[in-house]
Amino acid sequence: MTVGDQPEPSPPDGWATVDVRASSLNHHEIWSLRGVGLPADRLPMILGCDASGVDADGNEVVVYPVIDDPDDPRGFSLLSERWPGTLAERVAVPAANLVPKPAGISFLDAACLPTAWLTAYHMLTTRGRVSDAESVLVQGAGGGVATAAVVLGLALGKRVYATSRDAAKREKITELGAVAVEPGGRLPERVGVVIESVGAPTFEHSLKCSAPGARIVVCGATGGPFPKVDLRRVFMMQLEILGSTMGTAAELATLLELCVDRDIRPVIDSTYGFSAIGDAFARLNSGDIFGKVAVDHLH
Ligand SMILES: NC(=O)c1ccc[n+]([C@@H]2O[C@H](COP(=O)([O-])OP(=O)(O)OC[C@H]3O[C@@H](n4cnc5c(N)ncnc54)[C@H](OP(=O)(O)O)[C@@H]3O)[C@@H](O)[C@H]2O)c1
């Protein structure tokens, strides 16, 4: 990874350019640097999925990072996979990908929402149907998606249990209002929704903690993609194992409103100036984070 100059965006018709005020890092950037989803023939590539900023008309906006992409097997790609990402002074996206930023939320907080928080929101609501559940288990609770799921699960009125490998992070989970559990630990009840982004190290525990009819919603596999699955438990307990990726632009708008209306703010582990972007990546890559690593583009 290097910091350097790239040409100004030259957006096609129907695209808009945003002056980036703030961005945030996701585990996606670590995968990109390892070449996952970013083949060598697309380099150099500007990294970054998340941003808030100001468009050419002076509107304060949040950038929705999912771009229609008929050449991708998923039918879309994320910013920084095919089109240049947000860790820059300016980023270009289809105009339909600009979501108005409510006045009641800062650029920095808003820039933490488009990937990790939107993913957690979509996992809990659209995929996990959390309104039908009393309680939620979040695995690997230190990460961006996981802290979002803890805060949003509580805001939606659910009992939230969360595992973390780290005692200090378990302490912070408790401060957020959830019940912290050691990895593999017994819960006082079986839950209706499990938020899974860890994969192999936690999946067996996720199955065991699921109530009959529970939804185990999977958005990632940071710890490995090949868990041991006892299928007897899946069919006897009538469990649903559901894949989940990102969310819609409309859900991002709803999430922004929810944050303003309920005075919810993203959990931010640390904030770096744009000039210290290398340190921000080192922090994310350490794995020793609690919440989002945010980047202030004005410093
Ligand atoms: N499908 C999608 O749309 C989508 C969207 C966003 C993210 N994701 C994926 O979801 C995952 C999390 O993303 P993120 O940005 O939240 O990552 P992150 O901020 O880097 O957090 C990763 C967390 O995973 C836990 N973890 C990592 N390795 C583990 C292991 N071996 N055993 C147990 N826990 C482990 C850690 O929690 P503790 O230290 O607390 O144990 C860590 O804090 C990534 O794989 C990412 O690619 C997918």
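Residues are numbered from 1 along each chain as its sequence is written. Because the model is predicted, local features need pLDDT of at least 70 and side-chain atom pairs count only at pLDDT 80 or more, while totals for chains, interfaces and linings use all residues; side-chain values use heavy atoms, with hydrogens and water left out.

Helix H5 spans residues 167-176; helices (H or I, at least four residues) and strands (E, at least two) are DSSP runs, numbered from the N terminus. The buried residues of H5 are Lys169, Arg170 and Ile173, where buried means under 20% relative accessible area, exposed over 50% and partly exposed in between (1.4 Å probe, protein chains only). These residues lie on the same side of H5 because they cover an arc of only 105° around the axis, the arc being that of the directions from the helix axis to the C-beta atoms. On the other side of H5, Glu171 and Glu175 are exposed. The buried residues of H5 pack against strand E9 (159-163) and strand E10 (179-181), with contact taken as heavy atoms within 4.5 Å. At the N-terminal end, H5 is capped by Asp166, which has a side-chain oxygen 3.0 Å from the backbone nitrogen of Ala168. After H5 comes Gly177, with a positive phi near 110°.

Side chains of opposite charge can pair when their charged atoms come close. The structure holds 14 salt bridges, each defined as a side-chain nitrogen of Lys or Arg within 4 Å of a carboxyl oxygen of Asp or Glu. One of them joins Asp50 and Lys292, at 3.5 Å from N to O. This pair links distant parts of the chain, with Asp50 in strand E2 (residues 50-55) and Lys292 in strand E15 (residues 292-296), 242 residues apart. Asp50 is buried, at a relative accessible area of 0%, and Lys292 is also buried, at 2%.

A salt bridge also forms between Arg159 and Glu189, whose closest N and O atoms are 2.8 Å apart. Arg159 belongs to strand E9 and Glu189 to the loop between E10 and strand E11 (191-196), so the pair ties together parts that are 30 residues apart in sequence. Arg159 is partly exposed at 42% relative accessibility, as is Glu189 at 21%.

In the salt bridge of Arg283 with Asp269, the closest N and O atoms are 2.7 Å apart. Arg283 lies in helix H9 (residues 277-286) and Asp269 in strand E14 (residues 268-273), so this pair ties together parts 14 residues apart in sequence.

Note on methods:
A polar contact is a pair of N or O atoms within 3.5 Å; within protein, one must be able to donate a hydrogen and the other to accept it, and residues adjacent in sequence count only if both atoms are side-chain atoms.
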